[in-house]
Each structure stands twice: as structure tokens, then as C-alpha cells.
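Hello,

I am passing a structure on to you, and I hope you enjoy looking through it. Please open it first, and then read my notes below.

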Protein chains: 2
Amino acid sequence: MINETHDPDQESWVESANDPDTDFPLQNLPFGVFDRANGAVQQRVGVAIGDQVLDLVEASAQGLLGPHEPALFSGSLEPIMAQRPTVWRSIRRLVSTALRRDTDAGRRAIELRTRVLLPASELTMRVPARRDYTDFYASVFHATNVGSMFRPDQPLLPNYKWVPIGYHGRASSIVVSGTPVHRPRGQISATPAGPPTFGVCRRLDYEVELGAWIGGYNPLGTPESIATARDRLFGLTLLNDWSARDLQTWEYQPLGPFLAKNFATSVSPWVVTREALAPFRCAPYQRPAGDPSPLPYLTDAVDQESGAFDIVVEAWLRTAAMRAQGVPPICVSSARARDLYWTFTQLVAHHASGGCNLGAGDLLGSGTVSGPARENRGCLLELTWRGTEPLVLPNGEQRTFLDDGDEVILRGRATREGFRTIGFGECTGIVLPST
Amino acid sequence: MINETHDPDQESWVESANDPDTDFPLQNLPFGVFDRANGAVQQRVGVAIGDQVLDLVEASAQGLLGPHEPALFSGSLEPIMAQRPTVWRSIRRLVSTALRRDTDAGRRAIELRTRVLLPASELTMRVPARRDYTDFYASVFHATNVGSMFRPDQPLLPNYKWVPIGYHGRASSIVVSGTPVHRPRGQISATPAGPPTFGVCRRLDYEVELGAWIGGYNPLGTPESIATARDRLFGLTLLNDWSARDLQTWEYQPLGPFLAKNFATSVSPWVVTREALAPFRCAPYQRPAGDPSPLPYLTDAVDQESGAFDIVVEAWLRTAAMRAQGVPPICVSSARARDLYWTFTQLVAHHASGGCNLGAGDLLGSGTVSGPARENRGCLLELTWRGTEPLVLPNGEQRTFLDDGDEVILRGRATREGFRTIGFGECTGIVLPST
């Protein structure tokens with residue numbers, strides 16, 4: 001479904017969108033929900049373009065986006081996510097046309113620019129939608145690394161290559177990029193048998209993930225086939241699944257992580273749509289010989305051919321001392337989403353396979369995106385191998401886990417020869433001391 | 001906080017509320033959300049009284065409930081749950097007064113009865129609120145029974161007596177009592193190592209639980225002390241945590257139950273408030289000698305004295321054949337909520353202890369309520385000991401797990417000498433074949 005909205009030669013009248021380094025060129029057009037910093041406008045839907053934001057309510061009111069589309073006027077992306085892919089494509093085309101330099105709509109928009117365009121730096125972003133949240137465990141490299149620390153004789157459990165392992169997360173504690181995160185307290189035990197004490201988390205970690213925002217609805221009791229599951233993906237964001245490793249180790253048996261995860265989950269504010277990502281589709285991870293094939297409900301020819309996305313995700317770190325010294329953040333890991341063992345389409349099909357009703361605004365985390373090499377490890381637990389191999393920072397500081405004042409910055413981008421690179425913006429958070 | 005609203009001698013002008021067998025006497029006054037069956041009224045808040053429902057919107061509009069209370073006019077209990085306990089008590093007092101036989105408000109209400117009172121049988125009930133859903137594992141008897149099937153040498157993991165074990169559930173698939181439940185499909189493996197097949201669940205189970213509806217809010221990053229956690233309980237309902245045991249066995253390691261639970265969770269429609277339950281508070285489960293004391297953040301004198309509720313919960317079963325033969329449902333188990341290892345106040349304090357933001361409309365399941373005796377086992381997994389000891393029904397049928405057409409009916413009641421017994425109504429669901 002690659003079309004003229006992906007044409008790398010098209011330019012926008014918003015000059016910053018033509019900067020080769022921007023995350024948000026005309027070919028991206030991610031959706032988000034913003035407030036004006038002065039409080040005059042709250043919870044409005046916009047599209048990022050260069051360092052500016054197109055206010056879709058104003059643009060629609062000014063007739064720049066064709067016939068009135070009620071879904072644009074809600075203060076959430078949910079009503080847009082609730083539409084069919086044909087509507088998503090149609091909105092994308094209208095927004096693209098209005099932001100192009102060489103169209104009638106674009107020329108009208110230039111005249112209206114003071115009404116419809118806002119500097120991104122003056123806006124406060126919101127969580128795009130909020131329904132249920134599920135986190136998966138789709139990187140076999142992450143699962144193998146973590147498993148080998150805890151079960152050296154059996155790093156991967158027998159179900160891993162059959163079942164897309166996932167668990168329900170906490171939706172209320174999803175926060176938008178930029179929200180500081182308080183270090184949690186909780187039960188911690190020095191030994192597997194206890195006794196625990198209640199205290200401040202000492203092994204605070206991040207996890208680099210992609211988050212998939214779901215579109216449409218399947219009724220309770222009605223599964224989604226692998227063929228139709230593909231249409232349930234509205235778009236992707238960056239997701240930081242903050243994790244308290246010491247709490248997790250003690251609490252997670254037998255029912256999974258709970259307080260170790262639910263104190264905060266950060267998402268980037270701009271949802272990069274599946275339409276924008278169409279050129280970056282690719283074949284999924286090639287399972288090594290000997291691995292089982294996915295069961296029929298989890299595979300079809302389309303997914304095998306183009307179910308994955310060629311997206312690179314990175315974690316950057318900047319400590320309080322680095323900020324004080326003017327040392328820029330450093331990239332501590334980088335991994336490819338195409339190395340995930342399961343595609344988002346498979347995650348959707350699996351999630352709904354028992355009849356669970358997924359709906360617009362649901363968020364599905366990929367789980368930590370790690371890869372085969374050391375530099376691909378998407379969390380400190382892996383990077384420092386459970387704290388045994390400290391990370392040495394440019395200013396001489398060392399980290400095993402996160403200190404108060406540390407800022408974690410996730411970045412992501414999709415690249416392909418012959419296409420404009422599109423980015424995800426940032427998903428950031430500074431660690432605050434325990435309250 | 002026992003007051004005149006609990007006086008067993010008070011009678012209602014609604015005659016059915018004075019029936020000694022009703023679940024909903026004047027002393028109960030549970031809240032729910034209803035639609036009129038003809039569609040004329042949708043999502044309105046009401047209070048059950050005998051076999052009738054007081055429409056709080058009409059009652060308020062007619063001046064029967066004192067000053068205008070905006071929270072009553074929403075189509076959800078969430079705005080009521082969002083209030084402080086003083087407001088909950090005030091509403092209860094006004095409703096009680098309006099339904100009493102011997103008050104001015106009651107006499108006015110009698111004249112308005114055709115406007116404000118509706119037969120419960122003509123209403124369709126709704127899920128009372130929907131935010132996040134967490135399920136706990138608070139019965140040590142249940143945990144020990146289940147653990148001894150899967151780990152005979154170590155039925156209880158070392159963390160159990162320290163951590164109130166819980167996991168996030170799926171909020172979107174919570175359904176109200178009476179909603180049929182489709183048998184799910186999923187991955188099933190005959191052996192722990194696989195390979196699995198994808199097919200129809202053969203070990204479908206129920207779990208008898210109490211559900212706690214949360215009131216008020218604590219901001220993200222701000223824990224709730226055990227002292228204030230008590231005020232976060234709005235009320236209780238019955239909850240059936242339908243479980244696909246064969247799916248669960250295969251999928252649950254290492255991150256907990258997922259598709260085995262998220263195909264449906266049923267709740268009873270009437271929320272029995274903490275005010276109604278005040279006379280039935282009691283000391284929590286007496287930990288055997290040798291068990292650790294709860295850590296300080298999980299205990300205080302008030303909770304140790306009266307943190308539990310003296311509520312009996314029962315599971316009843318009626319198969320399709322029993323229905324056809326006119327055989328009534330039979331009670332297959334009965335257990336006491338006071339036998340739970342943790343109180344709801346402890347569950348709230350633990351849940352928020354790391355800073356997780358609980359809010360009005362959150363639902364916390366207790367986990368299966370089981371007790372020390374065979375007849376106290378709150379699910380078929382325990383009752384039939386993993387299917388090895390079939391249940392023999394009055395008509396000669398046997399059950400290890402649920403068949404299509406089986407109806408599960410949960411009931412609950414609180415009793416105390418010198419007080420009216422108050423009930424929870426029913427939480428029912430019939431198993432439909434897989435779609």
C-alpha cells in the first residue's frame with residue numbers, strides 16, 4: 001500500500017519538515033493528542049510535521065481536510081483508531097495534501113498557518129488513548145538472555161517458541177514521554193526463600209519496547225484471524241516498560257510481574273501509523289532450523305512475507321552529572337524490531353484467539369527489543385548481565401542499574417533505500433527519588 | 001460505623017424488602033447500573049430494594065434524596081465511587097430514609113412509587129464501572145491446594161505468606177451476571193514439553209471470588225497507607241474468574257495467566273457497599289503459629305481487629321440436563337471470606353505501595369475463596385482434584401470440568417446475630433460452545 005504520500009521527493013511548506021534529520025517529514029505524519037501550554041486548548045488531536053504540529057480541529061474547521069470527519073474532534077485518538085483502515089488512509093491523504101507545497105490545499109493552508117500550525121515546543125503532549133494494556137515478550141534474544149540468568153540449564157521454557165508469551169499490564173499508570181518516574185518501594189529479598197524487607201528499589205531498569213496501538217473492535221467471543229488481525233494495527237510508538245528488578249524477582253512467582261511494572265510505563269506521544277510504515281514492512285525473523293513453525297492460527301503468507309517492520313530502536317542514557325557537565329546523552333543499545341520472534345499481527349491474532357475483545361485504544365507492548373549482539377540488549381538487566389558487568393559512561397561514571405536523576409531516552413526510526421527516513425520522536429523519563 | 005440504617009427493626013414500604021429471604025432488605029441498599037428492557041432508559045444508577053429497584057435519577061429529580069447530588073446522574077457508578085466515604089454514607093442515609101415506611105420522605109416516595117420504583121425483573125443490568133482490573137490469590141487454602149497439584153514437594157512458594165500475590169487482569173472482558181460465556185479455544189499441550197495443538201478448551205472452570213470496587217484516587221507515585229487504604233473500598237460484588245485450565249497450564253510460565261483468563265470475567269450487578277457491610281466486619285484469618293507477621297506497611301490495629309468480612313460465598317451448578325428435567329441447581333461449594341489470608345485493605349495498601357494509582361472504578365478480585373474443608377473448595381480444579389475425583393450430580397451426571405450448557409451461579413450473604421442478613425444477589429453464566 002505504498003502511494004504518493006510516501007514519495008520522497010514531495011516537500012512540505014513547513015520548512016522544518018524538509019530537514020533531512022527531522023523525525024517528522026511529510027512522509028511520516030504521526031498522530032498525537034496535545035494541550036496548549038497556556039491551557040487555552042486541551043486534548044486536541046494533531047499531526048507532527050517537522051518541529052510544528054498541525055491542529056486537526058482547526059484544519060478541519062478551515063476546510064483543509066475535506067468533508068467533516070467527526071472522529072477528529074474528540075480529545076483522544078480512540079475515535080480515529082475506531083475507524084477502518086480505509087478511513088485512516090483517507091485522513092492521511094488529506095493531511096498530506098494540506099501540508100504539501102505544491103497543492104491547492106497546501107497553498108490555502110499556508111495562508112491559514114497561524115491558525116492551524118503550532119510550534120511543537122509550546123505544546124504539552126498527552127497519552128494518545130487509554131484502554132487495556134498488554135505486554136508481550138516477543139524477543140527471543142531478550143527471553144534467552146533473561147532466562148539464562150535465572151535458569152542456566154533451560155534458558156527458554158518449552159512454550160516460548162509456540163506461544164507468544166504475554167501478560168496484562170496496568171493501563172492507569174501509562175504516562176507520556178517527559179513524565180518523571182518515581183523510584184518505587186516494595187518487598188525485596190536477598191535470598192529466594194526470604195525473609196523480605198520493604199524498602200526502596202535498588203535495581204531500577206528500563207526496557208526498550210515498541211507499543212502497538214490497536215484499531216477497530218472484535219466482539220467478545222469472536223477471535224480475529226491472522227488475515228484480519230493485520231488490519232487491527234493502527235500504529236506504533238516507543239514504550240519504556242520501567243521495571244523494578246529486585247521487586248520482580250521476589251514477587252513474580254507464580255502469577256507474573258505485578259508491582260515490579262505497574263508504577264509507570266512511558267510511551268512516546270506520536271503514533272506512527274501503519275500507513276506511514278508501509279514502505280518499511282519486511283519479512284519477519286527467520287526461525288533457525290529446528291524451531292517449530294507457528295501453528296496455523298498464527299501464520300499466513302502475507303505475514304510471512306511482510307509481517308515485520310524494519311525499525312531500529314535505541315536506548316540513550318544521561319545521568320544528572322552528565323547534564324551538569326554538559327555531556328550529551330549516549331546511546332547504550334540499539335536493536336532491530338525485525339529480530340522479534342513474533343510479529344504484531346501474530347500478537348493480535350494470539351491475543352484474540354480465545355475470544356478476548358480487543359478495541360480501539362488498546363496498547364500492546366512488544367516486550368524488550370533485543371538482538372543477538374551485546375550492543376543489541378534492550379535493558380540494563382541484560383546489558384550489565386544482572387549487574388555483574390557495569391556500564392562505563394563517557395564521564396567515568398558507572399551504572400549497573402538506574403540512579404536517581406538518570407534520564408532514559410528511547411529513540412526509533414525506520415529507514416529504507418529510496419525512502420525518507422521516518423522517526424518516532426523520543427520517549428523520555430527522568431528517575432526521581434522514592435517518595 | 002453501625003447506625004440506624006442497619007437497624008433490623010426498620011421496615012420498608014416496598015413490601016418485598018421485608019421478606020426475610022430477600023437479599024436486598026432495607027439494611028442492604030446495593031448500587032447498580034441498569035437499562036430499562038424497552039430501551040427507554042439506558043445506563044442509570046439504581047438501588048436494589050426487595051424485588052424492586054429505586055431509580056436514583058428519578059428519586060433525586062422528585063426531591064426524595066435531599067440536595068442535588070450530581071454524581072447520581074452519570075450512567076456509571078464511577079462518579080459515586082469517586083466521592084469520599086462521608087458522601088457514600090450521606091447517600092445511603094438519604095436512600096434509606098426514602099425507602100422507610102415511617103418517614104416523611106418514605107410517605108412522599110410511596111405517592112411517587114410508579115415514577116421512582118421499577119421491578120428488577122424488567123431491567124437489564126450493566127457492569128457497574130470499568131477501569132483497571134487486578135486479580136489476587138488471597139486464599140491460602142486455594143493456593144495450597146493448587147500448589148500441591150503442581151508442586152507436591154513445595155505447595156506454597158516462599159513469597160506467599162509475605163506478598164499478597166496478584167496479577168493484572170483484562171478489564172474489557174468483564175461481563176455482567178447473565179452474560180453467556182463462550183468456551184474459548186487455545187493452545188493445549190498433553191505434555192509439559194509440548195508440542196501443543198490449537199483447539200477447544202476441555203478443562204473449563206469457574207472460580208468463586210469476591211470483587212472489591214475501589215473508591216477515590218491516589219496519584220501516581222503516591223502510595224496509600226494501611227490506615228487510609230480502608231477508605232478506598234467502595235463495596236463488594238461476586239466475581240467469577242472463568243479459567244481455561246488446559247490453556248493455563250501450558251501458557252502461564254514465566255509471566256502468569258493470560259488467555260486462560262481473559263475470555264470472560266463475570267461480576268454480579270449489585271455492589272454491596274462497605275456501609276452496608278459494616279456490621280459484618282470481623283477479625284481476619286488467624287495466621288498459624290510459625291507464619292510470619294505481615295510487614296508493617298500491611299498491618300495496623302484496625303485491620304487486625306476488623307479488616308475482614310463475615311461473608312459466605314457459594315457456587316451452584318445446573319447442567320442443561322438438570323434444566324430440562326426441572327432439577328434445581330445444587331450447591332457444590334461454600335466458603336467464608338474471613339478465611340482469606342489477606343484483607344481487602346491489605347490488598348489495596350499492597351497494590352498502591354509502589355506508587356500505582358488506583359482509582360474509582362478499579363476492580364480487585366480476591367482470588368478463589370476456598371477454605372480448609374473439601375466442601376470449601378471454590379473451583380472445580382480443587383473440588384475434583386484436577387479432574388481425578390468427579391463431582392456426582394443429583395441426576396446422576398458427573399463433572400470434572402464444565403460442559404457446554406452448564407450454568408454456574410455464585411451467591412453470597414453476610415449474616416450476624418441481631419442483624420438482617422444481607423445478600424449479594426447472583427452472579428450467573430451459562431457456558432456456550434466454542435464459536
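A word on terms before we start: a residue counts as buried under 20% relative accessible area, as exposed over 50%, and as partly exposed in between. Please also keep in mind that this is a predicted model.

With that in hand, take Asp310(A). Its relative accessible area is 23%, so Asp310(A) is partly exposed. You will find Asp310(A) in the loop between β19 (308-309) and β20 (311-318) of chain A. Setting aside neighbours within four places in sequence, Asp310(A) is in contact with Phe280(A), Cys282(A), Arg338(A), Arg413(A), Ala414(A) and Thr415(A). With one of these, Arg338(A), Asp310(A) makes a side-chain polar contact of 3.2 Å. Ala349(A) is 39 residues from Asp310(A) along the chain, and their C-alpha atoms are 21 Å apart.

Now for Gly361(A): is this residue buried or exposed? Gly361(A) is buried, because its relative accessible area is 0%. Its place is in the loop between α11 and β22 (363-365) of chain A. Not counting residues up to four places away in sequence, Gly361(A) touches Met81(A), Ala129(A), Arg130(A), Arg131(A), Asp132(A), Trp213(A) and Ile214(A).

Next, the two chains together. How many residues of chain A are in contact with chain B? There are 59, and they meet 59 residues of chain B. The area buried between the two chains is about 5,200 Å², and carbon and sulfur atoms give 62% of that. Four salt bridges are found across the interface of chain A and chain B. Asp362(A) forms a salt bridge with Arg170(B), with the closest N and O atoms 2.6 Å apart. The interface also has 24 residue pairs in polar contact. Among the elements that give two or more residues to chain A's side are β6 (133-136), β10 (185-189), α8 (245-251) and α11 (344-352). By class, that side has 32 nonpolar, 21 polar and six charged residues.

Finally, the symmetry. Chain A is superposed on chain B by a rotation of 180° with 0.0 Å of shift along its axis, at an RMSD of 0.0 Å. That is the relation of a two-fold axis. Both copies use the same surface, as 100% of the contact residues of chain A recur in chain B. If you want to locate the rotation axis, look for Gly256(A), the residue of chain A that comes closest to it, at 2.2 Å (C-alpha).

Best wishes

Key:
Residues numbered from 1 in each chain as written. Chains lettered and ligands numbered in written order. Predicted model: local features only at pLDDT ≥ 70, side-chain atom pairs only at ≥ 80, totals over all residues. Heavy atoms only, no water. Contact = heavy atoms within 4.5 Å. Buried area = accessible area lost by both parts, 1.4 Å probe. Salt bridge = Lys/Arg side-chain N within 4 Å of Asp/Glu carboxyl O. Polar contact = N/O pair within 3.5 Å; in protein donor to acceptor, adjacent residues only side chain to side chain. Helix = DSSP H or I, 4+ residues; strand = E, 2+ residues; numbered from the N terminus. Nonpolar A, V, L, I, M, F, W, Y, C, P; charged D, E, K, R; others polar. Buried < 20%, exposed > 50% of the residue type's maximum accessible area, 1.4 Å probe, protein only. Least-squares fit on C-alpha atoms with pLDDT ≥ 70 in both.
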